[in-house]
Amino acid sequence: MLSKIKSLKKRYIIPAILSIFLFVGVSFKDDYFEISKQIEIFTTLFKTINQNYVDETNPAELMDKAIKSMLADLDPYTNYFNEQDVIKFKINNTGEYTGIGAMITRKEDKLIIKEPYKGFPADKAGLKAGDEIIQIGDVLLADFKDDASQLTKGAKGTKIDIKYLRQGKPMSTQLILDEVGIKAVPFYGMADDKTGYIVLSQFNAKASSETKEALESLKDKGAKQIILDLRGNPGGLLHEAVNVCNLFVPKGELIVTTKSKNSKYNNTNKTTKDPVDTEIPLAVIVDGKSASASEIVSGALQDLDRAVIIGSRSFGKGLVQRPIDMTYGTQVKVTISKYYTPSGRCIQALNYAHKDKNGKAIRTEEKNYNAFKTQKGRTVYDGGGILPDVVLENTKTSAIAEALQKNDAIFNYATNYYYKNPTLGDKIPTITDADIADFKAFIKREKISLDTETEVALKNTLEKAKKENVDEAISAEYQQLFAALEKSEETLIDKNQKEIKNLLLDEIIKRYQYKEGLYQYYIKSNFEIKKSIEVLNDKTQYNKILKI
């Protein structure tokens, strides 16, 4: 029976992988002989391993790893999706799914609630950010090595029993799955009596319709100028980026051009609808995490002299991907082209065709950027993301802040703060110097490793020393170096104290008031928003920047 199952697996999986390679073969006929040769080698190897390896193999897992390893050598955006991956990918594009309504991440043998969405199943069941799910139904996550988030999916109304830890204390609850809609525009409101503020967090299928609804609502409330906040927006659907621009620019305006070595992917994308308002003063905020479709919008509005771009240099992703359906419910998302803003610039920052000795893509140096002109003759540059018209240097994320966020130091401290101060409610706390001192002590007490590049290199050195049996000889020196590094990291926290206080405050506000409360705080207190209002209010400066 087992051999029959194995035979069936091979019968279906090998044709599936052949279809992938045949797609490539058809696309690149000039290399057909070499591709055919490599297909034959690969399929012979795959069959040989599965038939002869001493232990039982899992052909599906082997193939999954083989494909993903192959694509990893290209760029990080060309990805293979198995059946489960396809479901997640479609959720990201549509913004709709049935589930628990929370951002979760896996860490060791637990699922960590990063952010419960207000009013959805996880929130209704009483789950909070920082809760550690250890059992879903009868499944202990310590024994479940697959994608545990799939255990929280199901039909609407499905009841799921959950066991979790809160501050180390075991607790339990029951979730009732429901439809969850991820908003592209999670917040909009009046920043003052004449300034409308719109947060656009992603470019899913609802992005332009939700932005339009927000824009029209704000105009009805008396907005005479608009701030569009694209900070942290990683991008999404290209046509939605075009449609968002269309709200502010006339029908028939060129927004983005895509160019590929495959001519069928060469396209010009113009606005196709009547705009909402082509005159209202507009400021767009970007940062280092604004990427892809966010850069199409900010770059096009900059090139068309339609908006003042404010903040810090964007990420620099000038590549376009397209999902292509394959056999057995699988899919491949392929980088098919580069995109160019109306002035003709491609803002791609990393060159994945040329990598350094460590295999990392090489970043285009600023001295190699090329100059382009906007419609009214302003100079803009390619090669390194969108450089704002008003650059706010103090909004850039420092290396130490990135490390604190990446390794959950800020997240975990906010969790600890929340349970120490349960009655704070709608009050906005002040993060003091004493809190920063407490934060540093918390990092030490909880043994949170920041994994900065220097720290990682030092740990790798010790690991190599252990393998070569010389770690005892250098142990004392290692501990001295590590202590010095920890002290240096503390110094960096002090040096970047203002930035870290803001990050701590942001995370703490969300614990009490959800994301909506954070945005309510932002429109009154955030530096970038205040600066945007200042630029919009100063008509002389605004007109001078845009050469109006």
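**Aromatic rings in a predicted model**

Me: Is Tyr418 buried or exposed, and what cut-off decides this?
Reply: In this predicted model, Tyr418 has a relative accessibility of 16%. A residue is classed as buried under 20%. Tyr418 therefore counts as buried.

Me: How many aromatic pairs does the whole structure hold, and what is the angle between the planes of Tyr77 and Tyr352?
Reply: A search of the whole structure gives 10 aromatic pairs. One of them joins Tyr77 and Tyr352, whose centres are 6.2 Å apart. The pair is edge-to-face, with an angle between the planes of 90 degrees.

Me: How many residues apart are Tyr77 and Tyr352?
Reply: Tyr77 belongs to the loop between α3 (59-72) and β1 (79-81). Tyr352 belongs to strand β19 (residues 350-355). Both residues are buried. The pair links distant parts of the chain, its members being separated by 275 residues.

Me: What is the centre-to-centre distance between Tyr418 and Tyr419?
Reply: Tyr418 and Tyr419 form an edge-to-face pair, with 85 degrees between the planes. Their centre-to-centre distance is 4.9 Å.

Notes. Residues are numbered from 1 along each chain as its sequence is written. This is a predicted model: local features need pLDDT of at least 70, side-chain atom pairs count only at pLDDT 80 or more; totals for chains, interfaces and linings use all residues. Side-chain values use heavy atoms; hydrogens and water are left out. Rings of Phe, Tyr and Trp (its six-membered ring) pair if their centres lie within 6.5 Å; planes under 30 degrees apart count as stacked, over 60 as edge-to-face and the rest as tilted. Helices (H or I, at least four residues) and strands (E, at least two) are DSSP runs, numbered from the N terminus. Buried means under 20% relative accessible area, exposed over 50%, partly exposed in between (1.4 Å probe, protein chains only).
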